[in-house]
Amino acid sequence: MPAPLPQSSPSSSSTATTARFNNPTGIAAQANGILYVVDSGNQTIRKIVQGKTVATIAGTPGAKGSADGTGAAAQFNNPTAITADATGNLYVADTGNHTIRKITPAGVVTTVAGTAGLPGSADGTGAAARFNRPAGIAADAAGNLYVTDELNYLIRKITPAGVVSTLSGTAGARGYPQSAIADSDIASATFINPLAIAVDPAGSLYISDGYFLPPEPNTIAGVAIIRKITPAGMVSALAGGFYPEGPRNTDGTGPAARFYNSAGIAINTADNLLYVIDTWNQSIRKVTQGGEVTTFVGAAARMSYPKGITIDSGGNLYVADTGNHTIRKVTPAGVVTTFAGAEGKPGSIDVP
């Protein structure tokens, strides 16, 4: 078992900035304002209450595994993303185990879909289903889960009864730029590298999809797009497109916009605006339903390969700033502060 990171004593003030995180990648906000963080480098799930207290609710720092159990008895393997349902349950994309895990309000962790250590693409119920590096997860109002199955190039659906089906994509059939950008029905759509996913109140899904390949020395070819799947079953490219080389952070509308790999999406249900983590550009982009892309947080604030993002009822964004080992808060006016953790100081300290 790997040893936990060296710790230092927190200060006497009970604030979340005295807590320590280790490469946080996913974050979710519940209606009561509590934040839940996938602390991937620690193999744990953390809770932040009112910016003052931080608690480890599942897993043990440094203990990688797949065990179900309560609190510290549970184990994870490089978990990536998290979502919350309307009844207070949490669901985690346990990427390294190729499974989907559930955490009840009492801290009981169970595996709801997939089998640890057995990647695949099979549909089925519970342990009979297979995933290959699930990367993103979102819950709708009815309790259905939607998962980006990254290395299968699929979007999967899990019902409250644990039945897993393939919503869109074909296992192993990786879409390439023109086929991915073109509109299509849900049955014939292909995906390139699906990562983050969000669902709006009407049931539409939004997916960050993209990849990068160097076709020759000193050039980069890639496609980074935000896909939309409507309840009617149509898949379209909302924003972003293919580029052979050149700028990769261009604002614009539809295919004129450019992203440089997006690993997190949150939707403001008040106005249906999307907020996208543009990971390699170290920025947050805003996307309208018409596909207009603007840079919301850019050069004025500094982040380090951020990944997860969520939004609270007041319109504040919270970002898992992975490379800085911190959680950042962004107000509706775009003001960025460090909400929890300390820049460049990885660890696993809770704040009681």
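Tutor: The bridge partner of R101 in strand 9 is T111. R101 itself lies in strand 8 (residues 99-103), and strands here are DSSP runs of E with at least two residues, while helices are runs of H or I with at least four residues, both numbered from the N terminus. This is a predicted model, in which local features need pLDDT of at least 70 and side-chain atom pairs count only at pLDDT 80 or more, while totals for chains, interfaces and linings use all residues. Residues are numbered from 1 along each chain as its sequence is written, and side-chain values use heavy atoms, with hydrogens and water left out.

Strand 8 pairs with strand 9 (residues 108-113) in the antiparallel sense, over 4 bridges; two strands count as paired if DSSP finds at least two bridges between them. Strands of a sheet pair through backbone hydrogen bonds, either parallel or antiparallel. Both strands belong to an open sheet of 5 strands in the order 5-9-8-7-6, with antiparallel pairing. Strand 5 and strand 6 (81-84) stand at the edges with a single partner strand each, so one side of each has no neighbour in the sheet.

Now the side chain of R101. It forms a salt bridge with D68, the closest N and O atoms being 2.9 Å apart; the term means a side-chain nitrogen of Lys or Arg within 4 Å of a carboxyl oxygen of Asp or Glu. D68 lies in the loop between strand 4 (53-58) and strand 5 (69-70), so its pair with R101 ties together parts that are 33 residues apart in sequence. R101 is buried, with a relative accessible area of 0%, whereas D68 is partly exposed at 40%. Buried means under 20% relative accessible area, exposed over 50%, and partly exposed in between (1.4 Å probe, protein chains only). R101 also forms a salt bridge with D94, where the closest N and O atoms are 2.7 Å apart, and D94 is buried too. For a charge to sit over a ring, NZ of Lys or CZ of Arg must be within 6 Å of the ring centre and within 35 degrees of the ring normal.

What other arginine has its charged end over a ring? The charged end of R46 sits over the ring of F21, 4.7 Å from its centre. R46 forms a salt bridge with D350, with the closest N and O atoms 2.9 Å apart. R46 lies in strand 3 (residues 44-49) and D350 in the segment after strand 28 (336-341), so the pair ties together parts that are 304 residues apart in sequence. R46 is buried at 0% relative accessible area, and D350 is partly exposed at 29%. A network of salt bridges links D39, R46 and D350. The count of salt bridges comes to 11.

Rings of Phe, Tyr and Trp (its six-membered ring) pair if their centres lie within 6.5 Å, with planes under 30 degrees apart counted as stacked, over 60 as edge-to-face and the rest as tilted. One of the pairs is Y260 with W280, edge-to-face at 5.0 Å centre to centre and 90° between the planes. Y260 is buried at 14%, while W280 is partly exposed at 38%.
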